[in-house]
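The following paragraphs go through the relation between two chains and the interface between them.

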Number of protein chains: 2
Amino acid sequence: MIKNIVGEKDFIEYLRGKSATFLLSLSNTETINIEGITQAGLKGFIHLTPTLDAEFVCLGEIRSLKDIPKTNRGVPTPALMTRAVHTLKPFKEIEILNLGLEVTPKVKYFKIHNFNIPPSGSIDKRANIDAEEVFKKGLEFGQKYTPKSDYIILAESVPAGTTTAYATAKALGYSVDGLFSSSFKDSPNSIKEQTVKRALENLSLSDDIFDILGKVSDNMLIFNAGFILGLNGRAPLILAGGTQMAGVLLIVNKILEFMQGEIDSSNLALATTKWVAEDKNSNIKALLEMLSFDINGYYLDFSFSNSKNPLLRLYDTGEAKEGVGAGASLVYGALNGLKSEEIISQVENFFA
Amino acid sequence: MIKNIVGEKDFIEYLRGKSATFLLSLSNTETINIEGITQAGLKGFIHLTPTLDAEFVCLGEIRSLKDIPKTNRGVPTPALMTRAVHTLKPFKEIEILNLGLEVTPKVKYFKIHNFNIPPSGSIDKRANIDAEEVFKKGLEFGQKYTPKSDYIILAESVPAGTTTAYATAKALGYSVDGLFSSSFKDSPNSIKEQTVKRALENLSLSDDIFDILGKVSDNMLIFNAGFILGLNGRAPLILAGGTQMAGVLLIVNKILEFMQGEIDSSNLALATTKWVAEDKNSNIKALLEMLSFDINGYYLDFSFSNSKNPLLRLYDTGEAKEGVGAGASLVYGALNGLKSEEIISQVENFFA
């Protein structure tokens with residue numbers, strides 16, 4: 001059953017049975033090199049996580065490393081859920097947005113949009129992003145983008161992305177302490193807090209919005225804020241993610257405020273997992289309620305509690321939670337008649 | 001699970017969830033009148049097999065004869081699989097190419113492309129095809145054809161077609177003895193070999209490529225070679241068949257060599273059944289590896305071993321194997337979330 005975080009069910013019900021283009025936005029930030037900041041991937045290969053996630057969603061296999069990225073305790077990437085849904089009720093198109101990857105995914109035929117954006121630096125030492133340029137690239141891409149299907153699902157894979165999202169929101173003046181999620185069960189708050197604190201120390205009073213973003217954010221957050229404003233409601237858009245996607249919306253909100261602009265958000269929504277929506281260590285609802293515009297937020301009441309695979313059941317104890325559009329994919333599956341049992345069974349097959 | 005015969009999985013994964021036009025190319029060759037050459041149909045009515053296959057795929061019933069064509073031992077037409085997939089995950093369009101039928105399928109609404117091509121003669125006494133004309137018709141059709149869906153599945157039903165394909169490849173100078181498939185479990189090699197031998201005795205040293213094709217080939221092989229070259233990669237194209245479709249590619253290859261031309265084969269693939277791909281009495285992989293251009297070849301790991309119907313289990317003992325786009329239809333089904341059990345159950349329903 002699809003539930004609301006905020007808003008009403010009409011938008012998502014209107015999309016029932018319609019075709020979707022899955023846009024997967026990927027980037028690397030050196031923030032991952034801070035010891036203990038993320039568990040999104042295999043130690044020593046975390047920079048490969050977005051690359052491998054893209055390969056797995058497109059092809060059902062990974063090519064740039066031998067194993068599927070897992071957290072240290074062995075929780076597999078949420079891309080498993082996205083791929084399971086794509087296997088059972090395929091997206092019409094999958095396209096990749098390279099927003100600063102160290103390694104390009106090894107997939108042929110699938111469209112990879114390249115924007116000549118370099119990976120960003122670690123936010124504790126300034127991310128060193130040309131934020132205005134990245135934002136403009138997102139804006140222009142959104143202005144000219146027309147999906148080949150009825151709506152767009154915009155997903156992301158950015159290791160350490162909840163930290164950069166948290167730093168971004170805080171740097172932009174939002175009161176967001178304790179609201180951002182983590183891929184850890186026991187959110188490594190001290191490391192995350194310290195990192196954000198150090199990131200914010202690099203700001204100066206004369207910084208404008210793009211100066212701030214260039215120091216503490218990541219390419220995905222900035223580009224997608226531009227994309228949303230560029231697309232401007234021309235096609236229904238589901239932001240596929242948790243608090244990181246909420247962070248994108250907080251940037252949009254701040255830019256609109258700064259430019260005294262408005263957005264028609266009636267064609268815009270966010271969809272995430274139950275693990276994020278009901279997380280006790282973060283609060284996506286509170287983040288969405290900070291926006292000056294209305295937004296619909298959704299999640300599917302899906303868990304692995306009935307799975308026979310103990311690795312998958314770890315999701316239900318708070319590991320991993322979201323990423324690679326898993327939550328929106330589950331919602332998309334439900335909108336197209338998939339049962340949770342079928343998805344669980346398909347995910348289990350990947351381990352067979 | 002979709003497996004590769006040759007090439008990589010990227011092309012077929014890119015087509016996951018996309019819509020397909022099913023083009024069914026049909027023709028008659030008098031080669032069927034050679035005693036014991038084929039079991040594709042009911043004795044005395046084998047010339048009707050392509051007509052009945054088309055009716056069954058389009059409508060789920062046959063109109064030009066009372067029973068579904070079966071082999072002498074009772075193995076039903078592979079059209080059952082194609083129809084089962086079309087019932088469960090319909091093709092967007094089905095169109096018929098009449099490449100020289102004795103009896104036009106009795107279907108309304110479905111587009112039947114007519115090319116004023118007469119059925120061809122028996123290859124042991126010269127097939128008597130105006131091969132250049134048939135090739136040109138295929139070329140022109142390919143040049144102007146734009147599918148109403150994302151990609152094309154090009155299937156065939158031509159009784160005695162593996163014999164004409166074998167004769168064609170051999171006459172064109174390929175070393176293909178033992179590589180072509182048969183609808184028989186115990187491939188009637190002596191009859192087939194004798195027929196091909198007699199066909200090749202009609203060739204003379206002065207024959208050009210179209211003279212050769214006109215004597216030993218069939219309309220489907222020649223027309224579809226033209227179609228592929230005419231379409232020239234403008235839309236993704238899956239050749240739906242086994243060694244006969246490999247024969248089409250061998251003609252394309254020879255024509256390119258003859259004209260010193262090139263083809264962009266990145267949008268071209270072949271898909272067949274497991275029974276062909278893993279057949280011990282033929283070798284489609286070897287045929288595909290004779291081409292001067294790269295090609296992807298696929299099959300679904302599908303069998304009737306779990307079927308409760310003993311007639312269907314005969315497929316697994318080597319009867320029938322392929323035809324009417326069965327293999328590509330199974331792949332198409334898998335690309336759109338169908339499970340093998342569902343297809344088996346649907347095929348079983350046709351007998352209920």
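By what turn and what shift along the axis can chain A be laid on chain B? A turn of 120° and a shift of 0.9 Å along the axis bring chain A onto chain B with an RMSD of 0.1 Å, the copies being superposed by least squares on the C-alpha atoms of residues with pLDDT of at least 70 in both. The two copies are thus related as by a three-fold rotation axis.

This is a predicted model, in which local features need pLDDT of at least 70 and side-chain atom pairs count only at pLDDT 80 or more, while totals for chains, interfaces and linings use all residues. Residues are numbered from 1 along each chain as its sequence is written, chains are lettered from A and ligands numbered from 1 in the order in which they are written, and side-chain values use heavy atoms, with hydrogens and water left out.

Contact (heavy atoms within 4.5 Å) joins 19 residues of chain A to 19 residues of chain B. Only 5% of the interface residues of chain A are also interface residues in chain B, so the copies meet through different surfaces. The buried area, meaning the accessible area (1.4 Å probe) that two parts lose on being put together, summed over both, is about 1500 Å². Carbon and sulfur atoms give 46% of this area. On the side of chain A, the most area is lost by A:Pro90, A:Lys92 and A:Tyr109, together 38% of what that side buries.

Seven salt bridges (a side-chain nitrogen of Lys or Arg within 4 Å of a carboxyl oxygen of Asp or Glu) are found across the interface. One salt bridge pairs the side chains of A:Arg83 and B:Glu13, at 3.0 Å from N to O.
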